[in-house]
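Dear colleague,

My notes on helix packing and aromatic contacts follow it.

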Amino acid sequence: MRDTSKDPKQLTLGLEDPPKTKKSSSSLKVRLTDDAKKPSATPSRRTRPSVNTRSMTVRIPEGKRPTTQSKPKTGTKAVHTIEQPNSHLVQTHAPRVHRTVVVPPKIGKRKGYRPAPEKLMRIPLLTASLVFCALIIGWTLHFFPFGKLPTVQPPATKEVVAFTVERGMTARSVSLLLQRLGVVEDAQALLAYFVEHDLATVLKTGSYLMTKPTTFEEIGRMLTSDGVEVQVTVGAGFTLETVDAYLSNRLLISPGAFKHAAGQLVQAYQLGFAEGWLLAGTYTVNRIRSADELALSMFKAMLQQVQRNLDSPLLDTYSVQDLLIIASMIQAETQNEAEMPDISAVIHNRLAQGEPLGIDATTRYELNDWTNPIPKEALESKTPYNTRRKTGLPPTGISCPSQAAVNAAFHPSDAQYLYYLHGLDKQIHFARTYEEHQQNIKAYR
């Protein structure tokens, strides 16, 4: 069903003036009636208010309408206009609230924000560092006043000389030799020391390494040391490390004594290196002075072998030390003397063409490992001794060469070989071209 609409009732807002006797009251009596002339009766009980969405017209009598320009008479109640609403009336619209925009503080400024641990430790660490520095400065100034700090002197290096006391030399000739070499300043004083301590007639022949200056007591003890002479055999291809271990095990000398003697030999004769300058062979040495005597004997034997090969035309291109490096590589590659001239030819031919030598023995010397397979990373790394990755010779020799190896280094064969390999058949196979070398690899590897 559809409700029939009714016309809204006209409600009249009656504003009555309060009695004139009550001047202190500021309230107005509001009465809603159906008719402006007939006031409605007051209900006996309070009813629940209802909300009607229909329009409502509030009529104010003509005589009761206030004007905004006229002022209320004295003794009358103030009339509330639209500009001045009555506070006792309920507003139909909620007032608009102006909210302020809240800007959050920056990170690190918020309350309860926990900084990073490194920031918390920054101040304590800085304080501890300053205190530590202050303590160090105070300790230094206490024990070493300003201007008296100790100066560190570099360790003084003594010059080494090598000499030989030969059979038939007297105490006077030995004293003059040591004065000439700079070991002592006064030969007459040294001779007097020999005579005073009954050493003039017991000086031993042999080769010696001495540092200068040296005291008379040390010279006398060295030149008169009584020891049993022994024969020592240094195998071809031995290194300084191998010879040192050999003497230490057989003659019970301190480890490192031979390497120290080799170092003194380099200093005494102004050599570039020791490895390669010592010739393999058999030598007779004093047991007590075996390290020094063996190093000197091997070096002198090498000098004699070099003198026999000074007619080599290769000395116009290479130095003696270069050829001795080549001799040590030849010795490390083979023990067969018949193969040495052809291996020397391969080395010289590749050097002339500027190609890497590709000798694995140099890498084994650098690794000090002559038995295990060479690691792949060692062969691929560019080091001074990796002749696969660098051209030219290694910086030093890699073994003690034999006489045959030295002769092959100074006088190679005329072969035009550029490659060789050691096959599984225990033979060496040479090749002139890379294709031929690949065929040898397939056939003998």
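This is a predicted model: local features need pLDDT of at least 70, side-chain atom pairs count only at pLDDT 80 or more; totals for chains, interfaces and linings use all residues.

Helix H2 (residues 171-181) packs with helix H3 (residues 187-196) at an angle of about 140 degrees, and their axes are 8 Å apart. H2 and H3 are therefore oblique to each other. Their crossing is right-handed. On the H2 side, the residues in contact are Ala-171, Arg-172, Ser-175, Leu-176, Leu-178 and Gln-179. Their counterparts in H3 are Ala-187, Gln-188, Leu-190, Leu-191 and Phe-194. Sorted by class, this contact of H2 with H3 comprises seven nonpolar, three polar and one charged residues.

I turn next to the aromatic rings. With ring centres required to lie within 6.5 Å, the count comes to nine aromatic pairs. One of them joins Tyr-193 and Phe-194, in a tilted arrangement with 6.5 Å from centre to centre and 55 degrees between the planes. Tyr-193 counts as buried because its relative accessibility is 14%, and the cut-off for buried is under 20%. Phe-194, which also takes part in the contact of H3 with H2, is buried with a relative accessible area of 0%.

A further pair is formed by Tyr-269 and Phe-299: the ring centres are 4.6 Å apart and the planes stand at 45 degrees, so this pair is tilted. Tyr-269 lies in helix H6 (residues 257-269) and Phe-299 in helix H7 (residues 290-307), so the pair ties together parts that are 30 residues apart in sequence. Are these two residues buried or partly exposed? Tyr-269 counts as partly exposed, at 30% relative accessibility, whereas Phe-299 counts as buried, at 2%.

Ring pairs also link Tyr-193, Phe-194 and Phe-216 into a cluster.

Finally, a word on helix H12 (residues 403-410). Its buried residues are Ala-405, Val-406, Ala-408, Ala-409 and Phe-410. What do the buried residues of H12 pack against? Their partners are H7, helix H8 (320-333) and helix H9 (340-353).

With kind regards

Key: Residues are numbered from 1 along each chain as its sequence is written. Side-chain values use heavy atoms; hydrogens and water are left out. Rings of Phe, Tyr and Trp (its six-membered ring) pair if their centres lie within 6.5 Å; planes under 30 degrees apart count as stacked, over 60 as edge-to-face and the rest as tilted. Buried means under 20% relative accessible area, exposed over 50%, partly exposed in between (1.4 Å probe, protein chains only). Helices (H or I, at least four residues) and strands (E, at least two) are DSSP runs, numbered from the N terminus. Axes are lines fitted to C-alpha atoms, for helices over the stretch in contact, and angles run from 0 to 180 degrees between N-to-C directions. Angles under 35 degrees count as roughly parallel, over 145 as roughly antiparallel, 65 to 115 as roughly perpendicular and the rest as oblique. A crossing is left-handed if the near helix is turned anticlockwise from the far one by less than a right angle, and right-handed if clockwise. Contact means heavy atoms within 4.5 Å. Ala, Val, Leu, Ile, Met, Phe, Trp, Tyr, Cys and Pro count as nonpolar, Asp, Glu, Lys and Arg as charged, and the others, Gly among them, as polar.
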